[in-house]
Amino acid sequence: MTPKVVRQIAELREEIAAYRRAHAASAQVGLVPTMGYLHEGHASLIRRSAEENGLTVLSIFVNPIQFGPNEDFDRYPRDEERDLKVAAEAGANLVFLPSVTEMYPDKPRTTVSVSGVTERLCGASRPGHFDGVATVVSKLFHIVQPDRAYFGLKDAQQVSVIARMTEDLNFPVDIVPCPIVREQDGLALSSRNVYLNPEERRQALILSQTLSQVAGWIEDGMSEAELTVRIRGRIRSQPLADIEYVEVATYPELGHPPADRPLRESREPLLVALAVRFGKTRLIDNVLLFPSEVK
Ligand code: AMP
């Protein structure tokens, strides 16, 4: 069924309230926050929400406050018509498509800032980014008041930040992390993949190819330092790859694993995450390994 498109916060609240009134105690609302230009990764989140909730709210909002001054806010890809088709096929019931002034009528003076889990990885290379994410997600949580919210592990640090915020601020929302969806050849789906020219697209395969070997290298006994050197070396084999970071972190705290032991002895899950530019396009990818998977 075609989802209803809502652009005003007040109308969205009314629609959700009407659903809750009609379904009383059995009402379950799922929220899938996105920036649009939807692909199969987004669709997997919407489908999961539609399976687990009676009402799925998909938000599409390119959030200006999570972009740095020299990032791609103005040229971020947008295609409302196609997004509505994907949303309908995946089972969204309401699509919230607010304008920037609807979400930020004034310059926001209240922001949400999560410490600790934002220190490394994208938090280090994109200052202010996660304040923008935490602020918009907390606004969406207040507006929609979902029972569950769905986030992709493609942005594993974002999942950590949102889970931490939800716990610290007592949002009554279950955070549901969802697996990374990839192209057949391994490239992680991303709205930004459309920026890649054919040669960049070909060379970008090095990211998933390298990450797919990480579990084996950890099993062989590598330390954090050895592993990052190995990954960097592999990625540099592609001349267009410009590495922003390659990091190994405990998950979900995102601290450093103990330096005096091989990674395979880690008692916590390990996140191996990277950000690499191909031309003007910044790609991120990661692999999340549980201790039982590397022994
Ligand atoms: P975005 O529109 O890029 O902000 O992403 C919206 C949501 O979709 C986030 O929770 C992302 O982690 C998730 N997502 C994006 N790409 C993928 C993917 N390839 N697989 C799974 N989830 C994804």
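Contact here means heavy atoms within 4.5 Å. I start with that because I want to know what lies across what, and the cut-off is 4.5 Å. The model is a predicted one.

**Entry 1**

I looked up helix H7, residues 156-168. Helix H7 lies across strand S5 (148-152) and strand S6. I noted its angle to S5 as about 155°.

**Entry 2: the parallel sheet**

Next I asked which sheet holds S5 and S6. I found an open sheet of 6 strands, in the order S1-S4-S3-S2-S5-S6. The pairing is parallel. I then checked the edges and found strand S1 (4-6) and strand S6 (174-178) there. Each has a single partner strand, so one side of each is left without a neighbour in the sheet.

**Entry 3: strand S3**

Is strand S3 (residues 55-60) buried or exposed? I counted 6 of its 6 residues as buried, so S3 is largely enclosed by the rest of the structure. The cut-off for buried is under 20% relative accessible area. I checked both faces of S3, and both are covered. Leu55, Val57 and Ser59 sit on one side. Thr56, Leu58 and Ile60 sit on the other.

**Entry 4: the partners of S3**

I took strand S2 (residues 29-34) as the next partner to look up. S2 and S3 run parallel and are joined by 6 bridges. In this pair I found Val32 opposite Leu58 of S3. I followed the chain from S2 through helix H2 (residues 40-52) to S3. This β-α-β crossover is right-handed.

Then I turned to strand S4 (residues 94-96). S4 pairs with S3 in the parallel sense, over 3 bridges. The bridge partner of Val57 in S4 is Leu94. The chain goes from S3 to S4 by way of helix H3 (residues 80-90), and I noted this β-α-β crossover as right-handed too. I came back to Leu58 and found that it stands opposite Val95 in S4.

**Entry 5: two helices**

How do the axes of helix H1 (residues 9-23) and helix H6 (residues 129-144) cross? They cross at roughly 50° and come within 9 Å. That makes H1 oblique to H6. I listed the residues that make the contact. From H1 they are Ile9, Leu12, Arg13 and Ile16. From H6 they are His142, Ile143 and Val144. I sorted the residues of this contact into 5 nonpolar, 1 polar and 1 charged.

**Entry 6: the antiparallel sheet**

Last, I looked up the sheet of 3 strands. It is open, its order is S7-S8-S9, and its pairing is antiparallel. The edge strands are S7 (241-250) and S9 (281-289), and each pairs on one side only. Neighbouring strands of this sheet are turned by 15° against each other on average, direction ignored.

I went on to the pair of S7 and strand S8 (residues 270-278). They are joined over 9 bridges in the antiparallel sense. One partner I looked up was that of Ala249, and in S8 it is Leu271. Which helix packs on this sheet? I found helix H11 (residues 224-236), which touches S7 and S8. The direction of H11 makes about 155° with that of S7.

How values were computed. Residues numbered from 1 in each chain as written. Predicted model: local features only at pLDDT ≥ 70, side-chain atom pairs only at ≥ 80, totals over all residues. Heavy atoms only, no water. Pairing = 2+ DSSP bridges. Helix = DSSP H or I, 4+ residues; strand = E, 2+ residues; numbered from the N terminus. Axes fitted to C-alpha atoms, helices over the stretch in contact; angles between N-to-C directions. Buried < 20%, exposed > 50% of the residue type's maximum accessible area, 1.4 Å probe, protein only. Right-handed = clockwise from strand over helix to strand, strands pointing away. Parallel < 35°, antiparallel > 145°, perpendicular 65-115°, else oblique. Nonpolar A, V, L, I, M, F, W, Y, C, P; charged D, E, K, R; others polar.
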